[in-house]
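Hi everyone, thanks for coming.

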Amino acid sequence: MSKYFRWIRQNLNNIYRFLITSMTIILITLLFPNIGNFKYEYQKGKPWMHETLIAPFDFALLKTDSEISQEKDSILNKFYPFFKKDTAVITEITNKFNSDFDKKWSQFTKSGSYKKLNNSNQTTEKEFLRLKEYLILNLSKIYEFGIADFQNEQKELGFKRPDFINKSVNNLNEVVPIENIYTPKSAYQFISNQLKADFPSSAYQSFIQELNIDSYLQPNLFYDAAMSEQVKASMLSMVSLSKGIIESGTRIVLVGDVIDDHTFLVLESLKKDYENILGSSQNHYLIVIGQCMLIISCILLLFLYLRNFRKQILHDNKKLLFILLFVLLYVALTTLVLKFTKVNIYIIPFALITIVVRTLMDSRTALFVFIITVLLTGFLAPNGFEFVFLQLSAGIMAIYSLPRLERRGQLVLTGIITFLTYSIVYFAFAITQESNIADIKWMNFMFFAINGLFITFSYSLIYIFEKLFGFLSDVTLIELSNQNHPLLRQLLQHSPGTFQHCLQVANLAEAAINKIGGNPLLVRTGALYHDIGKMKHPAYFIENQLTNSNPHDKLDFDKSAQIITDHVKFGVKIAKKHKLPQLIIDFIETHHGAGRVQYFYTSFKNKYPDKEIDEEKFTYPGPDPFTKETAVLMMADSVEASSRSLKEKTPETIRALIDKIIDKQIAENRFQNADITFKNINQIKEIFTNALINVYHARIEYPKENE
């Protein structure tokens, strides 16, 4: 049992990678539709490249999208929305009217305008009943026809004002013309005109105005959304998706025949029935096995690439998880979008894969991850070849347009380039297939524009992934290499000499990496921070000593060596406190490697030749450099520091110094773990030599003025 657990501990990383890979394959397989694939590839306007195709069974000939759309529009033109009558409204209005009318009539009869009429009490009573009954009768007639606020219904529910409506009263429906239905405005105009004709007296008109008739004209017909949608759906369900039958044995297309509109429609109809029959057959599990094998093949290709070209990613669990999750995310997104017929698959920003992975890793990995993702989603997409070609074109252009993400404005340009690439390639496909510009689906260009817009949001997405998976993007490196960064300003304040040394090392290392290949922004940022540990005891480092007084003169050699080596430990501690990324901390840990503090070691050995030396006290904690960038920084740091001590700075002495320092580091096997060649090292020597010669070049001595 102990051997079993020991084996698990030893292979824990391999087990983890196997599990996340297996889970990814299973989830992608579950996302794939459980239907078979039509075994023929074809395109409208292109010749049929397979054998003569005979209908293998009877199948329905599907209608085109435009035909179905026209039929639906024709049916919807005969659809009348349902309005339900609320019978309680007239009761509430009548009760309110009676109460208000009685009060206002009593006030009206006491007014001066009414007294001028000289009506008797009997006449006043008759006029009271006549006007009141008149108004109640007209209100009843209006509410009988119905009042509807069509303007508000249109605004809220978005339907076009119809010529007829279904008026529903107590579950009885009646189709009535729209002109027979009042609106609050038309009802007021109607009753107002009637009152002016039958009660022309200015006194009565004043009373009617005071009565505020429009307050008793409220809608009693309301749009019945549930019934309307139910009836509409029932009517649309009557639309047949097919327009005939292609019988078994019918010849569909000959070898070499150009696929015209009709043939394309027949092939699409056969393809749909063929795939559904395969998916519903008893052997549908074979389809799942086949799909799983295709998915495994794609994932295997990805792993082969990582194994041969990016082993560090393959062995980094977080990076591998990120790649697999990214692939899974896009397959899931494609499956989701394909379920919505109103949304086109081209709205999905596949080019975003290249931008995010390129920024967080490298261009080659970005391209390969992108290709694998497009291949997997190509099994799902309609017109697979067209889809894959479009995505590859846009993705490759996105990589070329964004060699390094340094400003957010670059994403806008990449979004525009992606949109133009999609549009041009799609237009080329469309005119070869349709041969008529009018038949092109122009709506797809809107989806391309939205796609390009999504790409401009990738800046935030990069930040999220960077924090979740511990990546270090160029954007973050630019922020860290800004000399106004709080930690760099602190270094300048406490150790100005060290700060200048770091700047010089950064310039040397960046120039070298630009020549031999690597990440110049990473090595520059690492160089700026590599000596921050010297802030602990700045006066003990010669570049910060402003006088001839050296505090090391008062210390033993081993104590001095301890202070010097401890700047690495303190640097790591400061970096972690300020939450610098691990890749930057690597430069702090490795810039001296496991080398020795040679000055104090030799001094101790010379002074105490018979005393046993504790090697650990004179040795940096390490480790040695393990990347090309950290190796270059070690060379640049040693060369820059040593060049300051040269008494005579000539091209010959500079070249000899550089050769001596770097050759010694090679002899001590400081670079055995780094991916760097002797050719690279010779190139680095040459760059350092030219750079330092330019720094220390001879200057003209200005003549003194004669006294």
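Before we look at helix packing, here's a definition: axes are lines fitted to C-alpha atoms, for helices over the stretch in contact, and angles run from 0 to 180 degrees between N-to-C directions. One more, for the names: helices (H or I, at least four residues) and strands (E, at least two) are DSSP runs, numbered from the N terminus.

This is a predicted model, where local features need pLDDT of at least 70, side-chain atom pairs count only at pLDDT 80 or more, and totals for chains, interfaces and linings use all residues. Residues are numbered from 1 along each chain as its sequence is written, and side-chain values use heavy atoms, with hydrogens and water left out.

How confident is the predictor? pLDDT is its confidence in each residue, from 0 to 100. The protein chain averages 87, and 95% of the residues score at least 70. Confidence is lowest in helix H7, residues 150–157, at a mean of 67, and highest in helix H24, residues 520–529, at 95. Where pLDDT is low, the predicted coordinates should not be read in detail.

Okay, packing. Helix H26 (residues 582–590) and helix H28 (residues 628–643) pack at about 40 degrees, with axes 10 Å apart. Are they parallel or oblique? Angles under 35 degrees count as roughly parallel, over 145 as roughly antiparallel, 65 to 115 as roughly perpendicular and the rest as oblique. H26 and H28 are therefore oblique to each other.

A cis peptide bond joins Gly622 and Pro623, with omega about 5 degrees. Most residues other than glycine have a negative phi, and most peptide bonds are trans.

Asn170 has a positive phi of about 55 degrees, though it isn't a glycine. Asn171 is in that S4 to S5 loop too, and its phi is near 70 degrees. Buried or exposed, that Asn170? Buried means under 20% relative accessible area, exposed over 50%, partly exposed in between (1.4 Å probe, protein chains only). Asn170 comes out at 62%, so it's exposed, and Asn171 is exposed at 68%.

For contrast, Thr183, in the loop between strand S5 (172–177) and helix H8 (184–198), is buried at 18%.

Definitions and conventions: pLDDT = per-residue confidence, 0-100.
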